[in-house]
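Hi everyone, thanks for making time this morning. Let me put the structure up on the screen, and then we can walk through it together.

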Amino acid sequence: MEPEETLKSNQTLVTEFVLEGFSEHPTLRLLLITCFLALYMVAFIGNALIIAVVYFSTTLHRPMYFFLSNLATMDIICTSTILPKVLVGLIAQDNTISFIGCMAQLFFLVWSGSSELLLLSVMAFDRYVAICRPLHYDSVMRPVVCVTLAGSVWVICALNASINMSLTALLTFCGPHVITHFFCEIPPLLLLSCSPTRINNIMTVLADSFYGFTNFMLTLASYGYIVGSILRIRSTEGKRRAFSTCSSHLIVVSVYYTAVSYAYISPVSSYNPERSKVAGVLYTVVSPTLNPLIYTLRNAEVHSALAKFVLFSKR
């Protein structure tokens with residue numbers, strides 16, 4: 001009994017972690033600060049403008065843009081969860097994060113990330129109904145249906161984030177406390193655990209299978225039908241107009257799924273810090289920054305509404 005008590009007393013439980021960040025590249029510190037600050041400002045302002053324009057412009061009070069404003073909200077949550085801490089770490093060179101802060105960051109990251117994957121499938125379904133079932137669009141995509149779909153995405157993904165965060169918080173961390181990433185993420189945290197992580201690994205695989213593979217297949221199926229319907233349109237102008245309504249979303253889906261797949265396609269046991277950091281930058285920084293630019297530059301309705309909003313704001 002005494003040896004067990006002695007062993008337990010020698011194990012100091014971790015109360016804070018150290019984020020490795022980009023400390024292995026000290027010469028790039030100023031460049032990273034400039035890039036991350038610029039990207040955060042573009043992402044925050046761009047997505048905030050999307051939300052404001054959709055809210056105030058009556059011409060955009062349609063399902064597609066309602067879901068777009070939800071996507072912009074998720075992007076703001078994602079970048080605001082990660083980048084301020086990254087910038088503080090680079091500027092003050094203090095990369096410590098409390099255990100509670102780490103779990104909070106993990107919750108909001110998983111919540112926003114999984115919500116975005118699920119919402120992209122909902123947006124693909126919206127485009128499917130609009131192009132393949134245009135006569136039934138208004139009856140299928142009623143306001144109450146849109147609100148229910150969006151609300152379900154937020155609630156389901158909050159539940160998923162709560163489960164994964166709780167399972168991670170229940171682990172015992174008593175050894176090394178350096179997280180080989182620039183934010184708190186499940187794979188590097190599991191590698192630091194002193195207790196068994198079998199349940200965590202199972203839940204991670206299940207979540208990745210549902211949010212990654214299942215949603216990707218649903219999105220792929222939707223666009224399979226969409227492409228088939230577009231090809232059956234006889235006029236070139238009709239094909240161009242039909243494709244223009246979903247091209248922006250298709251680009252966003254491609255960018256986001258590429259980044260997420262690159263980050264999570266391999267098991268925890270083969271976790272690679274450098275690769276994970278690159279993928280992390282892609283889906284937590286680059287993708288949220290590109291989304292408002294893609295939808296603004298490639299969508300004539302958003303572009304027009306944004307121009308009117310800016311002119312109205314200057315008065």
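This is a predicted model: local features need pLDDT of at least 70, side-chain atom pairs count only at pLDDT 80 or more; totals for chains, interfaces and linings use all residues.

Ser 229 sits in helix α8, and with a relative accessibility of 13% it counts as buried. If we set aside the neighbours within four places in sequence, Ser 229 is in contact with Ile 131 and Cys 132.

Let's go on to the cysteines. How many disulfides does a search of the whole structure find? The search turns up 2. One of them is formed by Cys 102 and Cys 184, with the sulfur atoms 2.1 Å apart. The torsion about the S-S bond is -125 degrees, and the link of Cys 102 and Cys 184 is left-handed. Cys 102 belongs to helix α4, residues 99-132, while Cys 184 is in the loop between β3 and α7, so this pair ties together parts that are 82 residues apart in sequence.

Cys 174 and Cys 194 form a disulfide with their sulfur atoms 2.2 Å apart. This link is left-handed as well, at -135 degrees about the S-S bond. Cys 174 is in the loop between α6 and β3, and Cys 194 is in the loop between α7 and α8, so here the parts tied together are 20 residues apart in sequence. Cys 174 counts as buried at 18% relative accessibility, whereas Cys 194 is partly exposed at 40%. Counting the bonded cysteines along the chain, the disulfide pattern reads 1-3, 2-4.

Cys 146 is buried, with a relative accessible area of 4%. Then there is Cys 78. Cys 78 counts as buried, at 4% relative accessibility.

Next, the sheet. In what order do the strands run? There are 3 strands in an open sheet, ordered β2-β1-β3, and the pairing is mixed. Both β2, residues 96-98, and β3 stand at the edges with a single partner strand each, so one side of each has no neighbour in the sheet. Strand β1, residues 16-19, pairs with β2 in the antiparallel sense over 3 bridges. If you want to find that pairing on the screen, look for Glu 16, whose bridge partner in β2 is Ser 98. Helix α4 lies across β1, β2 and β3, and runs at about 85 degrees to β2.

The largest nonpolar core has 87 residues, and Phe 17, Phe 36 and Leu 189 have the most contacts inside it. Which element gives this core its largest share? That would be α4, with 19 residues. Not counting residues up to four places away in sequence, Leu 189 touches several residues, among them Phe 17, Met 103, Leu 106 and Ile 179. Its contacts also include Cys 102 and Cys 184, the two cysteines of the 2.1 Å disulfide.

Staying with α4, let's look at Phe 125, which is found in that helix. Phe 125 is partly exposed, with a relative accessible area of 35%. Beyond the neighbours within four places in sequence, Phe 125 is in contact with Val 140, Met 141 and Ser 222.

My last stop is Asn 160, in helix α6. Asn 160 counts as buried at 11% relative accessibility. Its side chain is joined to that of Asn 164 by a polar contact of 2.9 Å. Leaving aside neighbours within four places in sequence, Asn 160 is in contact with Val 110, Ser 114, Ala 207 and Tyr 211.

Note on methods:
Residues are numbered from 1 along each chain as its sequence is written. Side-chain values use heavy atoms; hydrogens and water are left out. A disulfide is a pair of cysteine sulfur atoms within 2.5 Å. Helices (H or I, at least four residues) and strands (E, at least two) are DSSP runs, numbered from the N terminus. Buried means under 20% relative accessible area, exposed over 50%, partly exposed in between (1.4 Å probe, protein chains only). Two strands pair if DSSP finds at least two bridges between them. Contact means heavy atoms within 4.5 Å. Axes are lines fitted to C-alpha atoms, for helices over the stretch in contact, and angles run from 0 to 180 degrees between N-to-C directions. A polar contact is a pair of N or O atoms within 3.5 Å; within protein, one must be able to donate a hydrogen and the other to accept it, and residues adjacent in sequence count only if both atoms are side-chain atoms. A nonpolar core is a set of buried Ala, Val, Leu, Ile, Met, Phe, Trp, Tyr and Cys residues joined through side-chain atoms within 4.5 Å.
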